[in-house]
Structure formats: structure tokens, C-alpha cells
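Please read them with the structure open.

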There are 2 protein chains.
Amino acid sequence: METEKFDISIEGGTLLTMSAKMEIMENATIGIQGDLIALVGSNCRIQAHKTINAKGHLVLPGLINTHTHLPMVCFRGLADDLPLMDWLNHQIFPMEARFVTKEMVYDGAILAMAEMILSGTTTFCDGYFFENQIAEAAKFCGMRAVVSQGFADFATPDNPRFEKMMSAGIRFVERWQSFAPMITPAFFCHSPYTCSPKTLKNVKAAAREAGILYLTHLLENKDETDTIEKRYGRKPVHHLLDLGVLDDQTIAVHCNWLDPEDITVFADLGVSVSHNPVSSMKLAAGIAPVPQMLKQAVRVGLGTDGSASNNALDMFREMDAAAKLHKVISLDPTVMNAPSVLKMATLGGARVLGMENLIGSIETGKLADIIILDMNQPHLTPLYNPYSQLVYAARGADVKTSIINGKIVMENRRLLTINMEKAIDNVNQIASHILSEHPSTILKHPNGQGVT
Amino acid sequence: METEKFDISIEGGTLLTMSAKMEIMENATIGIQGDLIALVGSNCRIQAHKTINAKGHLVLPGLINTHTHLPMVCFRGLADDLPLMDWLNHQIFPMEARFVTKEMVYDGAILAMAEMILSGTTTFCDGYFFENQIAEAAKFCGMRAVVSQGFADFATPDNPRFEKMMSAGIRFVERWQSFAPMITPAFFCHSPYTCSPKTLKNVKAAAREAGILYLTHLLENKDETDTIEKRYGRKPVHHLLDLGVLDDQTIAVHCNWLDPEDITVFADLGVSVSHNPVSSMKLAAGIAPVPQMLKQAVRVGLGTDGSASNNALDMFREMDAAAKLHKVISLDPTVMNAPSVLKMATLGGARVLGMENLIGSIETGKLADIIILDMNQPHLTPLYNPYSQLVYAARGADVKTSIINGKIVMENRRLLTINMEKAIDNVNQIASHILSEHPSTILKHPNGQGVT
């Protein structure tokens, strides 16, 4: 009788399944066959071509980042601590108009993926210019991605004539839809204030026809309500509701100023939300009413946003901020407890992306997206409660090994699909170019004026 | 002619001096002689017995943690996400009464120092029971410490008869005062609600006589004002003012509910503040009005608080939280800019501890407390602005080498004064003991009830 031989086994760790039952298994064994989790057990031994010893480690599903603009790593730290409109209109938009090219997008995305893998993310949902390049980079790095083709009623670096955006979008979907569930195409309307009602509706109609997700930034800042009310006589959520673009295939990003009535609309229609606390804190944009959303069973995932506003792509930082920000704002330490927050970063994110049957937990039959953390470190000692430890004490740098779709992409902190030195060099060259040409007042080393 | 030979040179890095002028030097050279910074220059070569190549690295003063309860690492993650009074009265206080021993304090402190050195802290200010043990541990590890003997009007694990606290305190000062500026003794009155007016006054008188710092927790929570007003007919700050214990040798810890009038009192009298944003966020205790304090030139340093409430001792997390929390609360992204926050964690902390002439910046004649970060990593690329990168993107784990008082205590992430494995083992044994004996409802692995 032949013994079944798995491709990979992970043995001896403490497994947080993050399944609906939140099962935790000691001395766990996971058997991976191809791209699938084929066996989950405890206190058993299996045969495998490759065995990973996880004794003293935590094993959990890879983290899911529901909102990124990856190539913005090239602008990381370039223009911080500025008033929002200065930052956007005088720094970010002009720099994007000047420096965003196909090559910059690809090189930036590769560096961003190195950073994400090194900090435990296995799936991301991106929206930027030249999104084909992001998809190509994800394919190259072996990361799972939802890639969103962007729409706005102005010319963008990749679509100098915006009337061609729809045909470009349809070509984009045709090109990538057969790569799901590794690469899943989607459409991203930038926002209700940069997209006309016609654009918002047409893109949603095309998304429905293609059976893909539809994303939009929504209510990141307080003044969006005024802008939309002045223009359309409706609050933003009601504006989108009237246009018929809200449903369970729509993801609204940020939602810092959602009011109780808006939350009910989202709950009724199944609209999901990407919560980006770190970016919204740094930009002083606002605080999303996440505990209230969760009470009404709105699906909420976590996201980092781009590196110009965060400035990291580390989901451990995001979990930490999400847990603590809502506690102090509500003056209630029981909200957003550690297990809830870890769930938001795993199965919650999978639900937002419509992939909860495929990823987000470690269960037999799901795709093998798994991370392993070394807990034998001073800042992770002692280990009473793995959820607390992960949310309040662990850092991205504690992720030791990462598996995506059954392939090991990082082992003992060494990236296996990305040449890290080259990725760093390429972005450093882009940065040198930006510094040498950018006409504005960027200071490489501000002198600390205004420091108290 | 003999060339001067330094003990240590650090060459080729980008130096953030954090001096009053916030000078930044490229290709910097630092010469260390004994415990002192003997030379600071750029584009020069010196002879030294030991040369550290810092090319591609940032070099800056070691971080100063102005508030810790180090042995609480033993309770890290044991009781999170609970209502504050449950946490304090049903978890922390009973556990301290049951498990705090001299050995637990020493072993916990050693692990905490490993964590702090590994994340860039070179000086801390601690208050706990058996503070002699903390001082001994700091001496052993080579960390710079302000160690505070505690006072409260109830029996504590180290002073079962509280009437003996004053004589114990005086012996403590006598024992350690000759070790300054490595070990500097201080007195810590727990709070205005656990210390009688008599205790607050007598301890301050003794601190004045000994010429040492006087610390107290103040206004961590909102209800402290009610408690003190009911008991003494005064707001807490006015209560302390009336008692004459507020001066420029007093450090008030937390100050989350300081009102504008209180801030003016602090500014007039030179009282300084330890700001602990992460702990106060997690406990949902409140948000200190730090931008307002800084406007009135109140000295403010950063601190982590204990690991039961934080749950880390990582000053990089603290800087990140301090910068972003105040932005989002004020809806103003310009407050608490990155250089200000880094200053708060270095020279600002030194000012709070009355050590600004000795540490907190890299200048000739100061003590050699220096950390070196490896910036050649994806999440730290590109490097436009070192302040932004340190506050918004770096993590404790990026600190590669650390020097305290002219001695290398960590090199290439390897601790040189602490046996890390042993430190971890010792605290794991304490944790096993707590888990086996603790009578309450601690769950090693909560089942995630209430998870949404």
C-alpha cells in the first residue's frame, strides 16, 4: 500500500485556523498538495517532499490587504506632515503626472511585493495606473492579487484620452480573467467627486456584465459630503444608491464619514468596506465607524492604502492601529478585540474580496496561503494568548516563512521569488530621478523647522 | 607625532544629531573615547580600535523611554480587551499580589531590557516593586536607567508594611546615587488617588532633599478628576499644586485629561510629562493634549508604560502612534510632525529626565548612547526624508547596532550583554507558574467569542 506523499508539510506549530469556529490546534500538521490545503490535523505525522518544522511558531492564514496603490512606494516619505490639499494637489498629483510610467509602476510594485511578503501579506487588492504592470508583477512574484483598472473623468498617465478608458478596461478584464484566483481583475471608479454619474453607472454596468468587483474611494474626508451635496443634492452614499451602483460586489474604501443611515444602506445591500486606519490617521482624514459597521454585519477588511500616506505596507501595523484607535475613540477597551481584528485581516478580507471560499482561513480544501511566525523572541514572550500577541506585540518582521498558493515565497526571511537587492536598486534609481527633476520644494533633509 | 586612537569609530552613515539645530551629516564620523562622544565630523577618517561601518545606515541617539514597569512583561497578553476596572482589579492587581517576587522582577526586567535594546532604546525610566532588582538588572545589561522607588498608601509586594516605605526609599537612594548617570534613583508616588496628601508631600520633601526626580501617574483616566474632587474639593492638578509637589523635578505620567488651565500650571512651574499613547489607546484611557502642551513649551517625553497595557516596549511603535493619533484627533496632518516626534523620543526624553546635558543628542562631550539602523530594506526604500522614515516606516527590528555609555550592547542584532535564550526561558517558566496557579478565568486560547 502506497503512503500518500504531500508536497509540503508544516509540523509542530500552534495553528490559528481563523475558521468560523476560530479553532486553535496545538502541535498541528498541515499537508499541502499542489495549491491546496489537503490535510489539517494535530499530533499526526505525514510524508512530504518538503517538511517545515514549526515548533515554537504560530501558523496562520496569510494576511489580506484590501487596499493598496503599490507603486506609491516610490513616493514614500517624500511629502509628509502637510495639509491634505497641499499634499494631494501640490505634491502627489503633480508627481504622478510627471513620474508615473509603465516601468515605474512595475519596479515600484515589485518592491512593494517584497515588503508585503516580508511582513506576512499573501493577497492584496490594488488600484493604480498601468494596472497591467501590477498584474504582471504579481504573476512574477507569485502573490495573489485583485487588480483594479481605474476610471476617472480626467486624463491619467496611462490613458491620456479618458474616453478610451472603457475599452481599455474591457481589454484588461479579458487579459486577466483566466488567471483567477491568482490574479483577479476588477474595476475601480476613483470616487464620486472625480467620476461623473454616467461614468459611475457605466463602469458598474460593465463590472456586472463581467462578473467582477467594483471599487470606489468613499467619504475619506469630511468635505466630500459638502462637495457631493452641492453638486447632486444628495449625500454621497445616497448619490451612489440612486445611481444603482451599490451591491454586494461593491467595495467602498475608507468610509471615514459614514453616518448611521449610510451603514444601514450598506448592511441592507451587502456593500463591503476597506478600512485603512493608519493612512487615515496620518492624513488626518477621519475615523471610520467600524464597530458600528460590524454590529450591523457589514463586511469590513483592513487595508494599508498607498505608501505615500501610510508609509508602510505592513498589515501588523494596520491591525495594531485598528484595534487601538477604536478603543480610545469610544473610551471602551472591549471594542475591536484582538481575535476580531485578526479575523478582519484574514477571513474578513477574504469576504470583502468575495474569496471566502478560497482563502482567509486554514481549512481542508482551501488554497494554501499560509504564514509562519517565530515566537521565540523577547518581545513575543511569554505567549498566553496568540491573538493578543499577534495584534498587540508582533511585527511584520516576525514572519519567517510564507506560502502562497502552495508555493514557498519566503523561507527563513529570505525571499525566493524576488531579487531584493535589485528591487531596492531599481526604486532607488527612480527616487534619484524624482529628486533631480522634481521642480517643487522637496527637501531631502528638512531642517526640522517647527520642531518643538 | 602620535595619532589619537579612539575606542570606537562609526563611519560612513547619515547622522541625525538631534541637537537643538537638528543638524544632519552625510558620510559622518563619530569617535568614541571611553563613555564619551569625543568627535563628530563628516568626510573624515580616524583611527580606532573598533570601526563600525555605517554606510547605508542611519545613525542617531538612542531612544529614551520615559515610563516603564519592566517586569510586567511577565503579564504580556494575559488579560487584554477588558473593561479597565476588570483588568486592573480582577487581573493585574491580584496577579501582582500573588506573583511579584524579587526573582520575577529581576527575570522580567532582563527580558524587558533584551526587548528594549533590540528595538533601539538605550535609556528607560522605570517604576515597579523591588526596584533594587531593576537597578541590578540594568547594571548587568549595561542599560542607562532612572529607577524609581514606589510609594502608595497600601502594602505592596516589596513593602508589606507601608510605614517602612520611606526608610526603604532613603536606603534605595543611598545605594544607587553613586551610579549616576548610568543608574539614577528617583521616587514615584503612585497617584493622587492612592497616595494621601501627607505621603505626596513627605515623599516630595525627601526627593528635594536627595536632589532626585519625583514622579506620579496623573489623570490617566477621566474619572480621576471626580475621585479627587470628591475627596479633596480640588481638581487633581490643583490638589498637587496646593500640596507644593509640582516643580521642574516632577514628572507627571499620562496626563490624558489635562485641561488648558492645568497646562498653564505645568508650563509655569516647569513640570514635565511622560506621554504614553499606545498604552492609553489600548486601555481606552484617553488622549493627552500634547500639541497644546508643546505650544506652551511643556517638556514632553514618550513612554511605553508596562507590557500588560501596551503590549510592547518598542519606542518605534510609540513614535508612530504619537504622530498619527494627534493628527487624526485634531483633523490636522501638520501637528506632531516626524522631526518633532523623533525629538520627543530623544532629546525631549532627556529633558524630561533632567539629562539633556548628558544624552539625547549626538554632540561632542555627550555620553555615547547611539543606535544604528540598516536602511537597505524594502520597507525603508527609497529614503527621501530620514525623519519620516524613522517615525512612519521603521520598526524596532531595524535597529542593527546599539551603543550605551560607549559600550556596544548589540551588534548586527546580536545581544552582547544578555543571554537571550536564557532570558526567554526564565520568563516562560514564570508564565507556566502563573498559568498553573492563577485562580481566575484566564484562557490560554480564548475561543474568539464575540468575534465578528
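1. The C-alpha centres of domain 1 and domain 2 of chain A are 28 Å apart. Domain 1 of chain A is made of two segments, 5–61 and 366–415, while domain 2 of chain A runs over 63–352. Please keep in mind that this is a predicted model.

2. The two domains touch each other: 22 residues of domain 1 of chain A and 24 residues of domain 2 of chain A take part in the contact. On the domain 1 side, the elements that supply two or more residues are H14, strand S15 (399–404) and strand S16 (407–411) of chain A. H14(A) gives the largest share of that side, with five residues. By class, the side of domain 1 of chain A that touches domain 2 of chain A consists of 15 nonpolar, four polar and three charged residues.

3. Next, the contact between the chains. Here 70 residues of chain A meet 70 residues of chain B. Several helices of chain A each put at least two residues into the side that touches chain B: H2 (102–118), H9 (277–282), H11 (315–330), H12 (338–344), H14 (386–393) and H15 (420–437). That side of chain A contains 39 nonpolar, 19 polar and 12 charged residues.

4. How are the two chains related? Chain A is superposed on chain B by a rotation of 180° with 0.0 Å of shift along the axis, at an RMSD of 0.0 Å. This is the relation of a two-fold axis. Within chain A, A:Ala397 has the C-alpha nearest the axis, at 3.4 Å from it. Both copies use the same surface, since 100% of the contact residues of chain A recur in chain B.

5. One residue deserves a separate look. A:Cys74 sits in the loop between strand S6 (63–68) and helix H1 (84–99) of chain A. Is A:Cys74 buried or exposed? A:Cys74 counts as buried because it has 31 C-beta neighbours inside 10 Å, where 20 or more are required.

6. Beyond its neighbours within four places in sequence, A:Cys74 is in contact with A:Met104, A:Gly108, A:Val427, A:Ile430 and A:Ala431, and also with B:Pro382 of the other chain. By contrast, A:Ile46 is 28 residues from A:Cys74 along the chain, and 45 Å separates their C-alpha atoms.

Terms used
Residues are numbered from 1 along each chain as its sequence is written. Chains are lettered from A and ligands numbered from 1 in the order in which they are written. This is a predicted model: local features need pLDDT of at least 70, side-chain atom pairs count only at pLDDT 80 or more; totals for chains, interfaces and linings use all residues. Two residues are in contact if their C-beta atoms, placed from the backbone, lie within 7 Å. Helices (H or I, at least four residues) and strands (E, at least two) are DSSP runs, numbered from the N terminus. Ala, Val, Leu, Ile, Met, Phe, Trp, Tyr, Cys and Pro count as nonpolar, Asp, Glu, Lys and Arg as charged, and the others, Gly among them, as polar. A residue is buried if 20 or more other C-beta atoms lie within 10 Å of its own, exposed if 12 or fewer, and partly exposed in between; C-beta atoms are placed from the backbone. Copies are superposed by least squares on the C-alpha atoms of residues with pLDDT of at least 70 in both. Domain bounds come from an automatic or database domain assignment.
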